[in-house]
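These are my notebook entries on a structure that I am reading for the first time. I record what I looked up, one topic at a time.

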Amino acid sequence: MADQLLTIITNELRALIRERTFILLLGTFFAMALFSSYIGCATRNTTLEIYHASVLSLQQAGVVHIPTNPFLALPPLSIFRNMTIYIFLIGALLAIVMGHQTLIRDRKSRVTQLIFSKSVDKPTFLLGKIMGLVTALTLIVLATFLISLVSAFSIPAQQLSAVAVGRLALFYLVSLLYLLIFALLGLGTAVIFDTESLALLVPIIIWVGVTFIVPELITGQNPVALLNPTNLASVAPSGDFFTLMHAVLSPIAIEQQYTQIAQSLLETQAPIPVSSIWMLFFYFALMVIIDCYAIAVYQITTDKLYE
Amino acid sequence: MNKTAVWIIAKKEYRDALKNVLFIVLLAFLLFLTAVSLSVAGFDFQSQVGQYHNALAQLQALSQTGAVLEKPQYFPLQMLRGTIEYLEIIGAIIGLILGYVSIAKEKGNNTLQLLLTRPVSRWSFIMGKILGNSLLLLSMLGLIIIFIVVAITGIGQVMFTHLELVKLLLAFGFSYIYLLFFYCLATVLALVFRNLPNALIFGFVIWLLIVLIIPQIGDTMDPDNQIPGGFFNHMHMTTAQQRGVIAQFKTYETLRNVLEESSIEKHYERLTFAVLGIKNIYNDKGLSLIFQDKWGDLTWIGSYSLAGILLVYVAFNNKHILEKSA
């Protein structure tokens, strides 16, 4: 079984590298990871200069009580706060595509029939596919972590302490868990649906729902406003409707759980919301169960796939 | 160009899309999102009114007037911010899907090759496809307008003025131009790519960059967006003082603006937000004043869509299609 698993995992990694669309999405993701810290740093430096210019302007206008500098309280890791957005936008889409392609590829080329005619059983096949996804996403997240580290240290005057590096590593670990949920969702729909496009679109619609609709119902923030990390930090439900929505929808608001963890790690020194991490684990486990069920009822001999 | 052929292709496109479960699901999804955004805007306004009355009651209990408080004003078109943003995001996906399906079904059934053997010119085929899908997009937008009018006048008991109705129609007219760009984009990709799902994924990557990532970078670089409540509010600065300070950082602001302006989504947002009065400085203003300021954005989205149509023409190359299908 170990040999079979290793073969499936190796094959997954090889096949992924050959996929041009995957490489394109991965390239976009890495580019954004690289730019994220530079954008964050350039913005922070400029805003600091804007603060000093504002102080001068206020002093010239005769203002005596100048407000304190609001940027001094921001921890060094806040330059990575845009990464949270890129993870739940590009990263989640990348994960969906990976999960989707991992099974669609085999169904399309009728490799599944061939594999199951050998001594490979369904549990081994699924475990191999999931482990392949875990391995690929771990490598991607590890590379993104290294990109962030290198870019942070290459920025002049950007010092990250050992604790900060640890928090950054933890942020990427949580991000890996978040991405795996979407990868498994893509894998599950790739087993369930008979149409390739539908199998890709359904997880994308779910992703849109989780990323935009649920947070809007909970916070009252408009979809585009939710792409600004500052808005994410400032939102708080007000009024009976939003309080009710918060109570009802919080259990399925995984994007909110993820951003809460990310904010506590990158933008504050606050303790990490452990309940949110458990929530992500719960959804990961749920996706594994759904995938297991989908592969169990998958009819190998009558399988048909349309574009 | 054969007008009969154009009309036959357009009618077929329209009928096919209405039979397409995916399109119906996405349309229902968009209508649901419109309802969600209108409800959220309504509850948000209700919450603001509630907060105003609470603050007023507290002031009156202290024997003070409520003159210092600003009473929330209800403008029905301002309730459409969420709807426009969903059109930016989901509407663009629908445009992509329509463009993709429009070509994928022809390629899948090998009817594209068959059509090329008939006396149908390239322009007739393209214009038929674009006309059919334009009618579809306009029907979809029309349905959303009816939904909005019924929700706001029927449930909200607020009547639109004539000017507001014209502004609503104009905003949705611009939405059509915006969605047409994504339709053309997906059509081009589906024509060019041999592997159709790869065309769809590639379309989603472009959508992600144009609609979400580039505007997001511009937005997060905005100095005023760095802290909750706004930096200049925190500093208690007047608009003139803010402008004076920002003028000192011209290069940074130009870079930010260039990033935002490279995305059709930002032009569409600026234009529709101005027309609908979502941007406060344009609220309740006449159309001439709005277009005086926003003609540039209108030119941009028009140019993007026109470029999209031309790209479809270039991509619809008989030899290339036959080679790819082989």
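**Helix α10 of chain A.** I looked up which residues of α10(A) are buried, and found A:Ile254, A:Glu255, A:Gln256, A:Gln257, A:Tyr258, A:Thr259, A:Gln260, A:Ile261, A:Ala262, A:Leu265 and A:Leu266. A residue is buried if 20 or more other C-beta atoms, placed from the backbone, lie within 10 Å of its own, exposed if 12 or fewer, and partly exposed in between. By that count 11 of the 13 residues of α10(A) are buried, and the helix is mostly covered. Helices (H or I, at least four residues) and strands (E, at least two) are DSSP runs, numbered from the N terminus. I noted that α10(A) spans residues 254-266 and reaches 18 Å from its first C-alpha to its last, close to the 18 Å expected at 1.5 Å a residue. The expected span is 1.5 Å times one less than the number of residues.

**Source of the model.** I note that this is a predicted model, in which local features need pLDDT of at least 70 and side-chain atom pairs count only at pLDDT 80 or more, while totals for chains, interfaces and linings use all residues. Residues are numbered from 1 along each chain as its sequence is written, and chains are lettered from A and ligands numbered from 1 in the order in which they are written.

**Chain B overall.** I found 13 helices and zero strands in chain B. Its C-alpha atoms fill a box of roughly 85 × 50 × 35 Å along the principal axes. Of its 326 residues, 43% are buried.

**Where the chains meet.** How many residues of chain A are in contact with chain B? I recorded 51 residues of chain A, touching 53 of chain B; two residues are in contact if their C-beta atoms, placed from the backbone, lie within 7 Å. On the side of chain A that touches chain B, α2(A) gives the most, with 15 residues. By class, that side has 31 nonpolar, 16 polar and four charged residues. Here Ala, Val, Leu, Ile, Met, Phe, Trp, Tyr, Cys and Pro count as nonpolar, Asp, Glu, Lys and Arg as charged, and the others, Gly among them, as polar.

**The nonpolar core.** A nonpolar core is a set of buried Ala, Val, Leu, Ile, Met, Phe, Trp, Tyr and Cys residues joined through C-beta atoms within 7 Å. The largest has 169 residues, and A:Leu93, A:Leu137, A:Ala183, B:Tyr100 and B:Ala190 touch the most other members. Helix α6 (residues 162-192) of chain B gives the most to this core, namely 18 residues. Leaving aside neighbours within four places in sequence, I found B:Tyr100 in contact with B:Ala186, B:Ala190, B:Ala199, B:Leu200 and B:Gly203.

**A helix pair in chain B.** I looked next at α6(B) and α11(B) (residues 264-276), whose axes come within 9 Å and cross at roughly 175 degrees. The two helices are therefore roughly antiparallel to each other. Their contact includes B:Phe174 and B:Tyr178 of α6(B) and B:Tyr268 and B:Leu271 of α11(B).

**Positive phi.** A:Arg110 has a positive phi of about 60 degrees although it is not a glycine. I placed A:Arg110 in the loop between α3 and α4 (111-116) of chain A. B:His236, also not a glycine, has a positive phi of about 55 degrees. I found B:His236 in the loop between α8 (231-234) and α9 (239-246) of chain B.

Key
Axes are lines fitted to C-alpha atoms, for helices over the stretch in contact, and angles run from 0 to 180 degrees between N-to-C directions. Angles under 35 degrees count as roughly parallel, over 145 as roughly antiparallel, 65 to 115 as roughly perpendicular and the rest as oblique.
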